[in-house]
Every structure is written in C-alpha cells, then in structure tokens.
Amino acid sequence: MSNYFLPTLKETPSEAQIVSHRLMLRAGMVRQSAAGIYSWLPLGLRALRKIEAIVRDEQAKAGAIEMLMPTLQSADIWRESGRYEDYGKEMLRITDRHGRDLLYGPTNEELITQIFRDNVVSYKDLPKNLYHIQWKFRDEIRPRFGVMRGREFLMKDGYSFDVDEASARVSYYKMFIAYLRSFRRMGLKAMPVAADTGPIGGELSHEFIILADTGESEVFCHSDILNLPVPEADYDGDLGPTIESFTQYYARSDEMHDADMFAQQVPAEKQLTARGIEVGHIFYFGQKYSTAMNAQVAGPDGKDTPVHGGSYGIGVSRLVGGIIEASHDEDGIIWPWAVAPFHVGLINLKPGHEGCDALCESLFETLSQNGLDVLYDDRDDRAGAKFSTMDLIGLPWQAVIGPRGAEGGEVEIKNRATGEKHVLVLDAAIALLSSSPDSAK
RNA sequence: CGGGGCUUGGCGCAGUCUGGUAGCGCACCUGGUUUGGGACCAGGGGGUCGCAGGUUCGAGUCCUGCAGCCCCGACCA
C-alpha cells in the first residue's frame, strides 16, 4: 500500500450529497473531472471490474455473446432509424475535421442493427444475443449523485434478435433470469418491476430496482417479491413459470402505477411503496429498428421478415454507487465479497518489526497463492489511522498483525460487516480468510 | 431549461455587510517525543482569492459581464 495509489480523504468534499458519492470520494475510488464525468482511481476500477466479471459470467451462462462497439458512432445510422432528431440535446454531437457528423453513443440499437443486417440473412442463424460493456454518454440536464447519474457511464447493453415474437419472448426471459442472478451475486436484492414500454406496448419491459432511500425511482409492489428465490442458471425448457413466479405479484414503477389495482391486488399489509435505484432495464421492442433499418432474415418459407428485437441494459458504473448505498455504515463502505476491490486488508501495525514483517509477508504470499486479492497496508503510520482507512474502504476481511500477537504467530481477523474479531494462528487465519464472510450476515 | 446556492493553498472553512498588503483546521515537509482506533511539541513550504472588464490612491471585499460546480423540479442505465 505504500506503493499503491489510494488517496483517501478524512473530510467529506462539499459537493457530495449522498452517502455513496461521499464514500467513493473519501475512499479514493473516483475523482470528478467535470459535471457527471469521473476518473476511476485504482480502487474504484477494481470494484468496477468485479461487477463486469459477474455480468460477463451470467451473460455467458444465458447464451449471450460479448463483442465491443465503439463509443463514437456515425450520425448516418441514427438518421436512418429516425432517432438522430428525436434524441434531442441529450445526445452529444461531434463534427470531425471533414465536417462529418458523429456522436458519442448514448446506446447502440442502431449500430448493432447495422452489424446484424450486414451479416445475418437467414432465420437459421437465430436467435442471437450480442452484448458489450462500453462507456456511454448522455448529456443529462442535471447529472448528480456521483456515478449514480453521471453523463458518462459504463453500461452493459445487449441486443437479441429472433425470428418471431414467441422466440423473442424466450430471449427476454433468459435475460430476466440472468439479471436477477447477476444482481444477487453482487449482494443486491433487485426486484423486477413492470416498466413503461413506450410506443411499442405490451407487457415485456421490466426495470430492476434495488431499494434505497436515495433512489430516484418510486416503486409500488407486493412485498413478497423481495424474498423470492433467485432462479438457477438453467435456461433449457419452459422459462414461463419461473418468470411468472415474479410477475404474478404487483410491482410497478411510478409511471405504470395504478392505485386502484394496487389496492385491489395487494393486501394492505403487503403493500410496499419505496424508493429505489434502477440498475437494469430490459425490453422487447418488436420490429421497431429492424423495420426502420431494414434488418431482415429469410424465413423457412424463403420470404424476408424484419427480425424481432429486444434490448437489455445494466448500469455497471451506477452499480458501484448502488452497492455502496445498499451496504455501508458510519465508518465506511462494506463490500460484499463478490464485488470487493480486494478480499482482505492486511494491516502491519509495526512495519520494520522483524516478527510483524515476516508474518505479514507469509500471510500475504499464502493468501495470494490461494487466489485472494490482498491489500497490504505496510505504511509507517499509527494504528488508528490504519484501522480507520481500512474501515473506510470496506474490504470484507481485515487481518491485523502487531508485535503483540506476532511472537506467537497470531493474527487478528476482523469481519468488516459484523465487526467480529478472532485471534487465530496463521493456518486458522488463512482458512477463515479464504471463505466469504457474507454468509455471516 | 426554470428556481436557489456556492467558487479563497490538496481537503474543509473564515474573511466580503463596513475596501487598507490573505487567515484557521486538516493534509504536506523537517526535527523531536510518541505508537493496538485518524497523537503531541517546535519549525517550515505552498494561494494570479473562478475568469474578464470597471470604480478607487488602494479590490478577496464594491459594480458589470461571463464561466464552472452543487442543490430542488420536469427527463434517464
């Protein structure tokens, strides 16, 4: 850590209003560069990458294929879909040296549709679900809340292509399940709420909301939906009943909310009105883009038909803030194991002390070999300062080695979430640290 | 885009009303004493006071314009 870059702050910068923003600044995860635009410092980047990894894993299980599209797009394809004008001022428009119109992509329906139509011509190639994790830019009227509503943000966006609506529904269901699983693995309880489908209509649009008082979305739901088991990653067979187990309950965003229906369908003691953070959004948009942009495949009958599309977004950078909103205390962040930038914070209370140094290095080596990410605090500083820093950055385990215990080869292990401490000999400490402490909660 | 607020060293702030040669805490550097929950003493470095004009013998302070940032609302991963 003496060689690391982790600029923590004792005092809270005045611009940060919500707890996740304050903690991200104080813990040295991000620094603001302009309104709604952030640099990700090493610690923040590690959390971001952990979230990406979970998303990738669950996308792969659900059959989605990763690719990467550019941040800059040509205006031409957006003129084709009709959204170049429609998108308005939220789209950042750029002109290159030749006077050609470009834009910093706020989303990628047009680009993926272009790629698809140029390369897929038969129903035999369907279904396809392609995604990427890329920075987006939306020139928000009012960015706020740190990375929760930035103008530049990292999003996983995926697009499915199917030959008909029935098949598109299956693609949608797969993402529905993959999203539930992804958020749960990040230590979050995300609930799917019926969302506005816009001009397309239908019931196939859901937002995934995690509850938080500082959230910008208001939701109305049956409280049982929060405690449903998360489905297995089994995507064969009929997914309908699994989806139904969620959609049978009333759960709607404020623009879809119907007070009478809510009162009728949900017993009073189960009615939950709460604020939340939208961390994912999936929807089926039918043939909207494929028709506008002529993305057709030949069916079994040899006739061309526009493909049925869906799109699926996860706010990756927003999740970093969202997870902190959901998991912190007055001392700092409490990272869930799966997304923690490091698993273990190793504190050497007395660098330079032979016994402490040797024990720390031994522990560091063994834990690293066991595949754990360890942040080693070997700074020459007071114990209190080290404890405070470690609590602030919120790694799941803290391993403290000082002259007191070093003689007997003892390590003090602290669980950041519960505050529980155990004094253990090296081998026992290694065994404990190698396990996720989340189950203790 | 409407309403409100802010801008003074890396961070948090005072000073602006009433113009007179820029200050406090934290952080940083040096030395010493300390050392298991953000130590103490002494010394030290660092600021075109957001930018541009103007008023004045003199502007952080007064006037005009502009910019950046934050908060509340309508829009969004």
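Me: How do the residues of the lining of the second largest cavity divide into nonpolar, polar and charged?

Reply: The model is predicted, with local features needing pLDDT of at least 70 and side-chain atom pairs counting only at pLDDT 80 or more, while totals for chains, interfaces and linings use all residues. Residues are numbered from 1 along each chain as its sequence is written, chains are lettered from A and ligands numbered from 1 in the order in which they are written, and side-chain values use heavy atoms, with hydrogens and water left out. The lining of the second largest cavity has six nonpolar, seven polar and one charged residue; Gly counts as polar by definition, and Gly-309 is among the residues nearest the centre of this cavity.

Me: What makes the contact between Glu-278 and RNA strand B a polar one?

Reply: A polar contact is a pair of N or O atoms within 3.5 Å. An N or O atom in the side chain of Glu-278 is 2.4 Å from a sugar or linking oxygen of RNA strand B, so the pair meets the definition.

Me: Which backbone contact reaches a phosphate oxygen of RNA strand B?

Reply: A polar backbone atom of Ser-14 is 2.9 Å from that oxygen.

Note on methods. Polar contact = N/O pair within 3.5 Å; in protein donor to acceptor, adjacent residues only side chain to side chain. 1 Å grid on protein atoms, 1.4 Å probe; cavity = no way out; pocket = protein on both sides within 12 Å on 5 of 7 lines; lining within 4 Å.
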